[in-house]
Amino acid sequence: MVAISNAFTAVEFSTVSRHYGDVRAVDDVSIAVAEGEFFSMLGPSGSGKTTCLRLIAGFEQPSMGSIKIFGKEAAGTPPYEREVNTVFQDYALFPHMNVVDNVAYGLRVKGITKPECYKLAEQALEQVALAEYGQRKPGELSGGQRQRVALARALVNKPRVLLLDEPLGALDLKLREQMQLELKTLHKKLGITFIYVTHDQSEALSMSDRVAVFSRGRIEQVDTPRNLYMNPKTSFVADFVGTSNVIKSALAQQLTGRNQSFSIRPEHIKLETNELNDKQNDIIKVAGEVVDIQYHGATSKVEVSVGNQMLFIVLSNTELSEAELPKISQKLNLCWSRNRMVMLENQVI
Amino acid sequence: MQSTIINTDTSTPFRRKFSNTLYRKNNLFLFLLLTPPLLWFGVVYLGSLFALLWQSFYTFDSFSMAVTNDLTLENYRSLFDATNFDIILRTLTMAVAVTLATALIGFPIAYYMTRYGSRAEKGFFYIAVMLPMWASYIVKTYAWTVILSQQGILYWCINHLGLSSVLNHVLQIPAIGGNTLATSNLGRFIVFTYIWLPFMILPIQAALERVPTNLLQASADLGAKPAQTFRRVLLPLVFPGVVAGSIFTFSLTLGDYIIPQLIGPSGLYIGTMVYTMQGSVGNMPLAAAFTVVPITLIFIYLSLAKRTGAFDAL
C-alpha cells in the first residue's frame, strides 16, 4: 500500500528548510497548496518567499524536509522533470530568439514537431493579445508585452502549477492593475494552480484565494485575505498586511488591563465624539497629541503620539471639512470599540 | 529683498569662459577630444597599413633585386604558385587547429570561472590565465624548445609512464609527427595552443559573464535538458565571445614568425615568409601581398560567422 497524500494537494511542503551556511533562507516551512488555488506568498525582501518558489521550480534543493508536487516527492529532481513552469521576475526571455521562438521553446525541447510547436505558440500569443508580435525580438517589446510573452511561454507547456515570481514588479501602477485583472481572469479560465510571490500586500490581498505571510524564512500565517486583514495572528502580520497600529504590551496594559499586544486598524480609530458615549463599556478612550497630518486625497492620515507610542488614524476628507481636521500639536481624544482590537500572539516585532 | 551671489569659482575669467563654451558646444568638445586619437589611429595604424597594401602592387625585378613603382597584380598571382600556396595552406591549417583546440580547452575553464568559481577562485584563475602573458613571449617559446627536447621533461615523463611506444607511434603519423616532438607539427601545435590560450579564455569568460543565470534556469524550467540548454541558449549567447577569441588565436597564429622558426619541421609559414621576403630577399611587394592573406582570411571567417547568426545576440 502506497500512502497517497491528498489528491487535491498540488504542492506540499513538510518542514522544509533551506540553509546557506548559517543563513536560514527558509526555516521549517510547512504549507499545502490546493489544486486550482491562487496561492500567494507575501513578505518583505529576504523573507524566504522567493526561495520557496525556487524550491518548487527546482532551482534550489531543500536542505531538509520534503516537497511534494501532486503527491510525488520533488526534492532531488531537476527543474526539467517537474510539471511546473515559472514566470520570472525579469521575464528571462531568450534575447537571441524572436518572440514566437521563445514561446515555442518549451515544446521544441520536448521533441514536438516544428509545425505543431509553432501552431501552439501562435495560439498562446493570441491568448495574451500579442499575435502580431511573433517575429519581434524581446528587446523590441515594452515591459508589459515582455511580461505577456513570459506568461505565454510558460502557459504553452500546459503546466499544472504556474509559478509567478513578482511578475508585475517592474511595471508601472496602471499596467500593474490591468495585469492583475488579466492574471485573475486567466486563473479562472485555466483552473490550474497559481503560486504567486509578491511583496505587495494589496496585490496579494486582491488576487489570492489564500496568502502565506513570510518573515525571516518562516511562515507567520496562512489564511484567506479577509482573515489576514481582520484577524492577524502576529504583530508582523498586523503590521505588514495593510497598515495597522500595534499597541505594545506596556500601553496595552494601561488601556485594557492585559499584558498582551494588540493591533487596531487606523480606519477603526475615531476622534472622540458624543455619539459614542452611550455604550461606554465597549469603547477604549485614549488622550494624545497630533504630531503630523498628511493629505492623501480622499483621506488624511493623522499621526498622534499616545504615551510613548505613535498611532496612525485615517480620517475621511469627504466627511470632515478642512476646518474640522485636527491641527498639529492639538491635544485630542481617540476612541475605538473594543471588538475592533485584535489580540496578537507574540510581542516581538 | 536683496540676494547675494557667492562666487566660489576662483578660476580666471578666460578658463571659465572656455569651460562654458565647451559645455554649450558639444561638437567642439568632441572635436577636441577625438582629433588626437583619430590622427594617431588614422595615420599610424590605417595609414601604414594602406602604404603596405599599396606596395603589394609594386613590381619586384628578380634580376636586379630592385623594386620599381610599376603597378602589377603579379605578386597576388604568385601567391597561388604551388610553393607559396603550400605556405598559405600550412599556416591556415595550423591556425584552424589551434583555434579549435584553444576553444575546446578554454570554454570549460571559462565556464568554471564564471558559474562555479568563488571570488577567490576567480581571482586565482584570472592570475593563472594572465600570468604566462606577463613573461616574454620569446622566453616562453625557447622554454618550450627545452621542454620538448629529447632530454626535456616531457620525454622524461612519457618514458617514466611507459608511454614511449605510444609517442613513437604518434610521431610516425604523417603531417603530425616528425623525428622528435620538438621538430614535429604536434610540438608546434602544442606551443601555439599554449601561447594563445589566454586570448581565447578571456573573451569567452567575458561573454559567459554577461549571460544571466536565470536564462539557463528558464530553459531548464521549460523542460530543456542540460545539453539542450547548452546548445540552444548558452552557446548562441556566448558564441560572439568564442568568435572574438578565435579572431585572436586565428590571426595571431596566421601572423606568427617566431614559433615556426624555433619549433617544428622546416617549411615556411606566412609570417616567416614575410620575414624572409622583406628582410634577406628584399622583395617587399611579395611580402606585402602575403600580409593581405591573413586579412582576407579573417574577413572571410567573420562573414561566415555573421551568416550563421553569431552576432545576433549582440
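**Figure 1. The six-stranded open sheet of chain A.** In this predicted model, six strands of chain A form an open sheet in the order β6-β7-β8-β3-β9-β10, with mixed pairing. Strands pair if DSSP finds at least two bridges between them. Strands (E, at least two residues) and helices (H or I, at least four) are DSSP runs, numbered from the N terminus. β6 and β10 of chain A each have a single partner strand, so these edge strands are left without a neighbour on one side. From one strand to the next, the twist averages 20 degrees.

The model is predicted: local features need pLDDT of at least 70, side-chain atom pairs count only at pLDDT 80 or more, and totals for chains, interfaces and linings use all residues. Residues are numbered from 1 along each chain as its sequence is written, while chains are lettered from A and ligands numbered from 1 in the order in which they are written.

Figure 2. β6(A) and β7(A), residues 161-165, run parallel. Four bridges join them. Val84(A) has Val161(A) in β7(A) as its bridge partner.

**Figure 3. Strand β9 of chain A and its two partners.** β9(A) covers residues 210-215 and is mostly covered, with five of its six residues buried. A residue is buried if 20 or more other C-beta atoms lie within 10 Å of its own, exposed if 12 or fewer, and partly exposed in between; the C-beta atoms are placed from the backbone. β3(A), residues 38-42, runs parallel to β9(A) and is joined to it by four bridges. Here Ser40(A) stands opposite Val211(A). β10(A), residues 218-223, runs antiparallel to β9(A), with five bridges between the two. Ser215(A) faces Arg218(A) across this pair. Two residues separate β9(A) from β10(A) in a hairpin. In the turn, Arg216(A) has a positive phi of about 50 degrees.

**Figure 4. Helices α2 and α3 of chain A.** α2(A) packs on α3(A), residues 114-127, at an angle of about 125 degrees. Their axes are 8 Å apart. Axes are lines fitted to C-alpha atoms, for helices over the stretch in contact; angles run from 0 to 180 degrees between N-to-C directions. The two helices are therefore oblique to each other. Angles under 35 degrees count as roughly parallel, over 145 as roughly antiparallel, 65 to 115 as roughly perpendicular and the rest as oblique. α2(A) and α3(A) make a right-handed crossing. A crossing is right-handed if the near helix is turned clockwise from the far one by less than a right angle, and left-handed if anticlockwise. Contributors from α2(A) include Val99(A), Val103(A) and Leu107(A); those from α3(A) include Cys117(A), Ala121(A) and Leu125(A). Two residues are in contact if their C-beta atoms, placed from the backbone, lie within 7 Å. This contact holds 11 nonpolar, no polar and two charged residues. Ala, Val, Leu, Ile, Met, Phe, Trp, Tyr, Cys and Pro count as nonpolar, Asp, Glu, Lys and Arg as charged, and the others, Gly among them, as polar.

**Figure 5. Where chain A meets chain B.** On chain A, 17 residues are in contact with 17 residues of chain B. β6 (84-87) and α2 (99-108) are the elements that give two or more residues to the chain A side. That side has 11 nonpolar, five polar and one charged residues.

**Figure 6. Helices α13 and α14 of chain B.** The axes of α13(B), residues 270-281, and α14(B), residues 284-307, come within 8 Å. They cross at roughly 160 degrees. The pair is therefore roughly antiparallel. The crossing of α13(B) past α14(B) is left-handed. Among the residues in contact are Ile270(B), Met273(B) and Met277(B) of α13(B), and Leu286(B), Phe290(B) and Val293(B) of α14(B). The classes are 10 nonpolar, two polar and no charged.

**Figure 7. Helices α6 and α9 of chain B.** α6(B), residues 137-148, and α9(B), residues 185-209, have axes that come within 11 Å and cross at roughly 145 degrees. The crossing is right-handed. From α6(B), Tyr137(B), Lys140(B), Thr141(B), Trp144(B) and Leu148(B) meet Gly187(B), Val191(B) and Ile195(B) of α9(B). Five nonpolar, two polar and one charged residues make up this contact.
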